[in-house]
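Take a look at the chain below. This short report walks through some of its parts, one at a time.

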Amino acid sequence: MHAGKWISASILVALGTQPVAPEALAHQAHVHGLATIQVAVAGDKLAITLNTPLDNLLGFESAPANASQRRAVDAMVARLRRSETVAVPSAGAGCVAGPVRLNAPVLAGTSGHDTPSGNAPPANEEHANMEAAYVFTCARPEALREIEVRLFGELPRLKRIDVQIAGPRGQASQRLTTKNRLVRL
Ligand SMILES: [Zn+2]
């Protein structure tokens, strides 16, 4: 999970944007049903970083122990790698997704963890997170008004997403639920 935090911060730095609240990034509470999304807009780049307990995605938070759990991991990873199943920016902004980065140390050695070897899964941890980082390049960033988050329908365990936004119009936080799925920029 430490590697994941580093990735988040590095994206914000890459975009020339300071995090909204460094202390909030340093440690996100691990609460089943809750996830966080950080949104950063700078120039023509839009970065979206999802951090969620694995339970919201899989219903378990350990390395897959059998073929059924391995299939569940692969299906979840395939879904997260398609940005359009996670977050869709305003169509008018012409945003194109770059490579997706997934970090879930407990899934090291599976398709669910991109960080190079050397990050062994933490031993004897009861809980584990997944971080998924997306960077879009937008042809018309001035038309970026909202982001539709599409996770709720596919993830019935997920009840709430706390969103932190840093962009040209300043910083803000929003709360998404199954009934309110739009991040407004
Ligand atoms: Zn947990």
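Start with alanine 29. This residue is exposed, because 9 other C-beta atoms lie within 10 Å, and a residue counts as exposed when that number is 12 or fewer. Where does alanine 29 sit? Its place is in the loop between helix H2 (22-26) and E1. Threonine 52 is 23 residues away from alanine 29 along the chain. The C-alpha atoms of alanine 29 and threonine 52 are 9.8 Å apart.

All of this comes from a predicted model.

**The whole chain**

Now step back. The chain has 185 residues, and 37% of them count as buried. Five helices and ten strands make up its list of elements. Contacts also tell a story. Take those between residues at least 6 apart in sequence: 68% of them join residues at least 24 apart.

**Strands side by side**

Strands of a sheet pair through backbone hydrogen bonds, and the pairing is either parallel or antiparallel.

| Pair | Direction | Bridges |
|---|---|---|
| E1 (residues 34-42) and E8 (residues 160-167) | parallel | seven |
| E8 and E9 (residues 170-177) | antiparallel | eight |
| E3 and E7 (residues 146-149) | antiparallel | three |

Look at E8. Strand E8 runs parallel to E1 and pairs with E9 in the antiparallel sense. Single residues show both pairings. Alanine 40 has alanine 166, in E8, as its bridge partner. On the other pairing, valine 163 is bridged to glutamine 174 in E9. How many residues lie between E8 and E9 in their hairpin? There are two.

**An open sheet**

Next comes a sheet of three strands. Its order is E3-E7-E10, it is open, and its pairing is antiparallel. Which strands are at the edges? They are E3 (87-89) and E10 (182-184), and each of them pairs on one side only. Neighbouring strands in this sheet are turned against each other by 20 degrees on average, direction ignored.

One residue pair can be picked out here. Proline 89 stands opposite isoleucine 147, which belongs to E7.

Keep one general rule in mind when viewing strands. In a regular strand, side chains alternate between the two faces of the sheet.

**In brief**

Alanine 29 is an exposed residue in a loop that leads from H2 to E1. Strand E1 pairs with E8, and E8 forms a hairpin with E9. The strands E3, E7 and E10 form an open sheet.

Definitions and conventions. Residues numbered from 1 in each chain as written. Predicted model: local features only at pLDDT ≥ 70, side-chain atom pairs only at ≥ 80, totals over all residues. Pairing = 2+ DSSP bridges. Helix = DSSP H or I, 4+ residues; strand = E, 2+ residues; numbered from the N terminus. Buried ≥ 20, exposed ≤ 12 C-beta atoms within 10 Å, placed from the backbone. Contact = placed C-beta atoms within 7 Å. Axes fitted to C-alpha atoms, helices over the stretch in contact; angles between N-to-C directions.
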